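Keep the viewer open and follow the points in order.

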Amino acid sequence: VLPSPDGPAPSVSITEIRQYLRAQDIPFHDGYSCLHTPSLFTGDRGDQPLSANAPFTLFIDKTTGSFLCTATLAEGTWQDFQANVEMRRRGVTPIPPASSEETEEEMRQAREDARCIWERALPLWELLDEKETKETKALFGISQVTDATLKRFGVRYLRTARSLVFPWFSPQDATLKGLKLLRGEKKGGTITYVEETLPRFDSYRNLFGLPLIGRRDTELVLTGWELDALALHQAAGVASLALPRGASCLPPTLLPYLEQFKRITLWLGEDLRSWEAAKLFARKLSLKRCSLVRPGNLQPRPLEALNQGLNVTKILRSALLASHKSIVSFRQLREEVFGELVNTEQVSGVKWARFPELNKLLKGHRRGELTIFTGPTGSGKTTFISEYALDLCMQGVCTLWGSFEINNVRLAKIMLTQFAGRRLEDQLELYDEWADRFEELPLYFMTFHGQQNIKTVIDTMQHAVYMYDITHVVVDNLQFMMGHEHLSVDR
């Protein structure tokens with residue numbers, strides 16, 4: 001049921017990619033996170049060499065070697081790319097790697113569902129009366145956002161679900177590929193927002209606002225929320241895009257669409273988790289072109305800045321360069337140190353919702369820390385750690401499980417039962433409902449079992465960190481992964 005990262009494809013270095021392209025006489029430019037080449041899937045066919053005058057619409061990821069052609073949306077691994085170059089040399093028309101029929105059918109169904117919802121949704125300014133429009137805008141905190149801005153980004157409102165509807169248009173032919181629904185729920189004085197996407201979250205790769213970007217735009221502000229992109233465009237007139245899954249993940253398949261920008265400012269949110277994510281994403285996008293807006297009282301998220309009447313352009317100008325030199329003075333660190341003192345609660349990490357006593361001991365989950373749980377066989381280590389990891393996962397911490405002792409099906413069953421908080425074997429009619437909700441979690445499983453080669457496991461982890469922005473890895477347990485004969489050696 002669960003998405004699992006495939007075993008890492010045979011790794012390829014950037015040097016090998018460049019050598020291969022030169023050997024095959026394929027012209028290329030060196031980009032920020034990708035190499036750009038003419039596409040194998042457009043224009044001239046057969047055994048003609050690729051022309052350097054053709055548009056460079058095929059992008060090869062420098063870290064993984066996987067490619068995406070933005071003109072035809074053909075994508076695949078480095079091995080797929082080599083196979084297509086080989087076919088072309090033999091005079092055979094290259095065929096884009098196909099996804100499975102099941103996936104194709106799912107995507108087609110999601111597009112159809114999205115189209116039906118889109119047709120039922122209304123522009124916000126066309127609701128029954130002004131009172132309803134005002135109340136709706138107030139619920140989503142967008143009273144300051146003008147109708148012109150909402151119209152430009154194509155935002156609509158689905159009255160039956162009381163949700164804002166954000167479209168995902170194909171940058172290629174402007175067809176509707178999917179939707180995100182945002183529902184606001186008032187609980188006491190606070191409003192919580194619930195998101196739902198079509199297609200499912202791991203296939204939803206929309207850079208909201210992409211069709212509005214011009215070819216000549218060279219500067220961009222990248223946000224973590226669609227409403228922030230609206231606020232930025234309205235308040236500062238800048239090109240702005242929103243990531244599909246906020247500050248939790250920047251899927252590598254989106255990197256080609258960001259290659260045209262010489263300068264990218266990351267303004268993902270107002271808490272320290274967004275700040276950490278911005279630093280992580282800047283490494284993927286190339287540090288030398290990225291600037292980061294540091295969260296603080298006078299620098300809240302863009303929508304909040306618009307609502308408070310702050311000068312958004314001034315905040316953007318104060319963004320810090322992501323790449324600082326190898327040696328820094330305290331003066332350069334001063335603001336960050338102040339940020340840590342102001343946000344002591346956030347600095348201590350993501351708190352467990354179910355384990356208040358654990359928060360007293362560990363303060364919270366923080367990146368770069370190792371926690372070891374030890375106890376005799378059958379004492380409940382796996383049961384506890386699956387609950388502990390699930391707690392964080394439900395708060396948006398991207399988690400990778402390496403279960404070397406029990407298989408993934410059994411582990412998933414334990415976690416699903418803990419997630420639902422009930423015995424699903426007694427209520428099978430509820431299985432699909434809970435499984436659908438469980439599938440939305442940013443949770444991945446390694447497919448290893450029993451003793452493994454350490455290098456293979458580490459390579460898989462690194463692959464998952466790059467692909468899915470994993471920030472929490474669970475290994476259960478070390479003894480099974482290492483095999484019993486290694487225990488005498490201090491590994």
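This is a predicted model: local features need pLDDT of at least 70, side-chain atom pairs count only at pLDDT 80 or more; totals for chains, interfaces and linings use all residues.

1. Taken over C-alpha atoms, the centres of domain 2 and domain 3 are 24 Å apart.

2. For orientation, here is how the chain is divided. Domain 1 covers 14-90, domain 2 covers 99-204, domain 3 covers 210-348 and domain 4 covers 356-482.

3. Next, look inside. The largest nonpolar core has 31 residues, and L207, L220, L222, L258, I264, L266 and L285 are the ones that touch the most other members. Two or more residues come from each of β11 (219-223), β13 (263-267), α7 (272-285) and β14 (290-292). Helix α7 gives the most, with 7 residues. Domain 1 (14-90) and domain 3 (210-348) each supply at least three residues to this core.

4. If you set aside neighbours within four places in sequence, L207 is in contact with L222, L241, A242, L243, L254, Y257 and L258. There is also a second, separate core, made of 26 residues, and its members include F355, I385, F419 and L430.

5. Now turn to helix α15 (residues 431-439). Which of its residues are buried? They are W434, A435 and F438. These residues lie on the same side of α15, because they cover an arc of only 100° around the axis. The buried residues of α15 pack against α13 (381-393), α14 (408-420) and β17 (443-445).

6. On the α1 side the contact is made by I17, Y20 and L21, and on the α2 side by W78, F81, Q82 and V85.

7. Finally, how many of the 11 residues of helix α6 (residues 226-236) are buried? The count is 8, and the helix is mostly covered. The buried residues of α6 are E226, L227, D228, A229, L230, A231, L232 and H233. After α6 comes G237, which has a positive phi near 65°.

Note on methods: Residues are numbered from 1 along each chain as its sequence is written. Side-chain values use heavy atoms; hydrogens and water are left out. A nonpolar core is a set of buried Ala, Val, Leu, Ile, Met, Phe, Trp, Tyr and Cys residues joined through side-chain atoms within 4.5 Å. Buried means under 20% relative accessible area, exposed over 50%, partly exposed in between (1.4 Å probe, protein chains only). Helices (H or I, at least four residues) and strands (E, at least two) are DSSP runs, numbered from the N terminus. Domain bounds come from an automatic or database domain assignment. Contact means heavy atoms within 4.5 Å. The arc is that of the directions from the helix axis to the C-beta atoms.
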